[in-house]
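Subject: Structure for you to look at

Hello,

Here is the structure I promised to pass on. Please open it next to this email and follow along.

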Amino acid sequence: VYSIILTLCIIFTIDLHPDKISASPISSVIVITIDTLRADHMSCYGYGVETTPHIDRLAKMGTRFRWAFSTSPQTAPSHVSIFTGKYPSFHSIGTENIQHRLNPKEITLAALCQARGIRTAAVVSNIVLDKSLGLDQGFDSYDDQYQQRELNRDLPEQHAKYAVDKAVTLLKQ
């Protein structure tokens, strides 16, 4: 199961108050999340076989974090935590997938960028990140078109190849 969210925005120093945002010299951010991918099987993290050449190239050009910890083993809560900076027990999605909608009052990274006039876009592959849960909040464009089926479960998804192609098109725009 792959969840790819590509967010085009400028990184800001955030003082928890949207009116006190100051721009940093970084010009853009691409957030790529991939469910159930083991870092120890990625070549940019030292795996002996070249398994992730495109991610390796991005890692060389940008910032690669040595350690990352998820706030939840569930996809939707962990993604909402990434974009709100809150633990699942403090945001409206909660700790389980597809049980609650994102409260429109939640402030997301995409909404902060959008408020500063920055274009934001997401391309999503996983049904548990569907915009019907309010996860499109703050995005100018949120592509969650699921035209394929998962291989291991009978759930709709957007295969990574299609999601990446769409994301590349958005980046070129």
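This is a predicted model: local features need pLDDT of at least 70, side-chain atom pairs count only at pLDDT 80 or more; totals for chains, interfaces and linings use all residues.

Asp 40 and Arg 38 form a salt bridge. Their closest N and O atoms are 2.8 Å apart.

How many salt bridges does a search of the whole structure find? The search finds five. Here are two more of them.

One joins Asp 144 to Lys 131, with 3.7 Å between the closest N and O atoms. This pair links distant parts of the chain, 13 residues apart. Asp 144 sits in the loop between β4 (141–143) and β5 (148–149). Lys 131 sits in the loop between β3 (121–123) and β4. Is Asp 144 buried or exposed? Its relative accessibility is 6%, so Asp 144 counts as buried. Lys 131 is at 34%, so Lys 131 counts as partly exposed.

The other joins the side chains of Asp 143 and Lys 166, at 3.2 Å from N to O. Asp 143 is in strand β4, and Lys 166 is in helix α4 (residues 160–172). The pair therefore ties together parts that lie 23 residues apart in sequence. Asp 143 has 16% relative accessibility, so this residue counts as buried. Lys 166 has a relative accessible area of 25%, so this residue is partly exposed.

Now step back to the whole chain. The protein chain has 173 residues, and buried residues make up 39% of them. There are four helices and six strands. What order do the elements run in from the N terminus? The order is β-β-α-α-α-β-β-β-β-α. Trace that along the model before you read on.

Next, the open spaces. The largest pocket has a volume of about 1900 Å³. It is lined by 43 residues. Closest to its centre are Ile 32, Thr 33, Tyr 45, Phe 65 and Ala 68. Helices α1 and α2 each supply at least two residues of this lining. The largest share, six residues, comes from α2. By class, the pocket lining has 25 nonpolar, 14 polar and four charged residues.

Is Thr 33 buried or exposed? Thr 33 has a relative accessible area of 10%, so the answer is buried. Thr 33 and Val 124 are 91 residues apart along the chain. Their C-alpha atoms are separated by 9.7 Å.

The largest cavity has a volume of about 110 Å³. Thirteen residues line this cavity, and the closest to its centre are His 79, Val 80, Phe 83, Leu 135 and Phe 139. Which helix gives the largest share of the lining? Helix α2 (residues 75–84) does, with four residues. The cavity lining divides into nine nonpolar, four polar and no charged residues. Leu 58 is placed in helix α1 (residues 53–61). Leu 58 has a relative accessible area of 37%, so this residue is partly exposed. Ile 32 is also among the residues closest to the centre of the largest pocket.

Asp 140 lies in the loop between β3 and β4. At 47% relative accessibility, Asp 140 counts as partly exposed. Asp 140 and Ile 118 are 22 residues apart along the chain, and their C-alpha atoms are separated by 9.3 Å.

Best wishes

Terms used:
Residues are numbered from 1 along each chain as its sequence is written. Side-chain values use heavy atoms; hydrogens and water are left out. Buried means under 20% relative accessible area, exposed over 50%, partly exposed in between (1.4 Å probe, protein chains only). A salt bridge is a side-chain nitrogen of Lys or Arg within 4 Å of a carboxyl oxygen of Asp or Glu. On a 1 Å grid over the protein atoms alone, a cavity is a set of points where a 1.4 Å probe fits but cannot get out, and a pocket is an open set with protein on both sides within 12 Å along at least five of seven lines; lining residues have an atom within 4 Å of a point. Grid points are joined across faces, edges and corners, and a volume is the space filled by probe spheres set on the points. Ala, Val, Leu, Ile, Met, Phe, Trp, Tyr, Cys and Pro count as nonpolar, Asp, Glu, Lys and Arg as charged, and the others, Gly among them, as polar.
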